[in-house]
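Hi,

Here is the structure I promised you.

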Amino acid sequence: MKDVYILSVETSCDETSIAIVKNGEDVIALTILTQMDTHANFGGVIPEIASRMHTENITMVLEETLNKAHMEVKDMDAIAVTYAPGLLGSLLVGVEFAKVLSYVYDKPLIKVNHLIGHIYANKINNKMKFPCLALIISGGHTELIKMKDDYDFELLGETQDDAIGEAFDKVARVLGLKYPGGPNIEKLALEGQNTYKLPKMVNDNSYNFSYSGLKSAVINLVNKEKNKGLEINKADLACSFQTAAVDELTRKLEIALKETNIKDVIIAGGVSANKYLREEIAKICHKYKAKLNLPDFIYCTDNAAMIGAAAYPLYLKKEFADLDLNACSNADIVENS
Ligand code: KG4
Ligand code: ZN
């Protein structure tokens, strides 16, 4: 079969990224322009600034990606774009840009759900096997999904309140760490011990998660100690929080491994870059003789290569989008099954 080249665009949050992916798994070129330093000044992503920066930079990101690949848009077989979920203004920049490329170069347009992109990051340099359990752990989502085949998603459980990445970011802020909080908590936790007793979360047999209780417990603890004029051991608290947050994931994954007897596990989303989390999940997988597929670090956080990988099965099925495609701030994975 002829090789399929997909040019993919990702602008759902604060990374402007474009990639060229061959046959859904070989990354020919990838450019990621992060706005992190700008937003760090404000302690979080400012949507208005994010969309303006995407607009300013996207053409340059395209040129750089094409140059790296020594290819042109006319060499592509399709244009893929993240249309949901994410910041509406940011998504719109990518969607409109992809629509223009699709129209001008007469290439089919493929719409990709950002979370499905995170799952398909595992297809790059890796083989995703089915059936598998997928843990989606990002700034906006915490979901446990069963996949029987490509684009066959069954939601087993999800967070009832905050997402795990959101909890990392909020706890980081109360500890005085810079945005994005996750990597900074991970770094600080390396210098500390798990000494603070924090509450267990949804202690039932469901597959659902909860992070707001844990987050509030950390915030209350910090405030109480401050009011008493006592010093908090930030490294110990970072370590205790990280341990509790990861424990919530491994407990639910363990139930799923036991009940479904599935032997392949993938993790997806920005929080999957956390090394402690990777180790703990690997231990649970080992216990149940399941294979854990981990995306390379570069493909854990937002990037367009994962969008190209997720677009490929849709290309094969000729599931193309119309030029009236719109961006959407919310979208479930399961509705894409
Ligand atoms: O997938 P992602 O890049 O964007 C969303 O779609 O949300 O995930 C971003 C989230 C942020 O909450 C960030 O703090 C978290 O992933 N994150 C981490 C780590 N790296 C990124 N959390 C814990 N440990 C990390 N090493
Ligand atoms: Zn993401």
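How many residue pairs are in polar contact between domain 1 and domain 2? The count is 4, with both residues of each pair at pLDDT 80 or more. Bear in mind that this is a predicted model.

Some background on those two domains. The domain assignment puts 5-121 together with 299-336 in domain 1, and gives 130-294 to domain 2. Their centres, taken over C-alpha atoms, are 27 Å apart.

Now the interface. About 1,800 Å² is buried between domain 1 and domain 2, and carbon and sulfur atoms account for 70% of that. As for salt bridges across it, the rule finds 0. On the domain 1 side, two or more residues each come from helix 1 (36-40), helix 4 (114-120) and helix 10 (305-316). Helix 4 gives the most, with 5 residues. By type, the domain 1 residues that touch domain 2 split into 14 nonpolar, 6 polar and 2 charged. In total, 22 residues of domain 1 are in contact with 21 of domain 2.

Then there's the metal. The zinc ion (ligand 2) has His114 (NE2), His118 (NE2) and Asp302 (OD) as its protein donors, at 2.0 to 2.1 Å. Along the chain, the donors follow the spacing H-x3-H-x183-D. His118 sits in helix 4 and Asp302 in the loop between strand 10 (291-293) and helix 10, so this pair ties together parts that are 184 residues apart in sequence.

Cheers

Notes. Residues numbered from 1 in each chain as written. Chains lettered and ligands numbered in written order. Predicted model: local features only at pLDDT ≥ 70, side-chain atom pairs only at ≥ 80, totals over all residues. Heavy atoms only, no water. Domains from an automatic or database assignment. Contact = heavy atoms within 4.5 Å. Buried area = accessible area lost by both parts, 1.4 Å probe. Salt bridge = Lys/Arg side-chain N within 4 Å of Asp/Glu carboxyl O. Polar contact = N/O pair within 3.5 Å; in protein donor to acceptor, adjacent residues only side chain to side chain. Helix = DSSP H or I, 4+ residues; strand = E, 2+ residues; numbered from the N terminus. Nonpolar A, V, L, I, M, F, W, Y, C, P; charged D, E, K, R; others polar. Donors = N, O, S within 2.8 Å, 3.2 Å for Na, K, Ca; no water.
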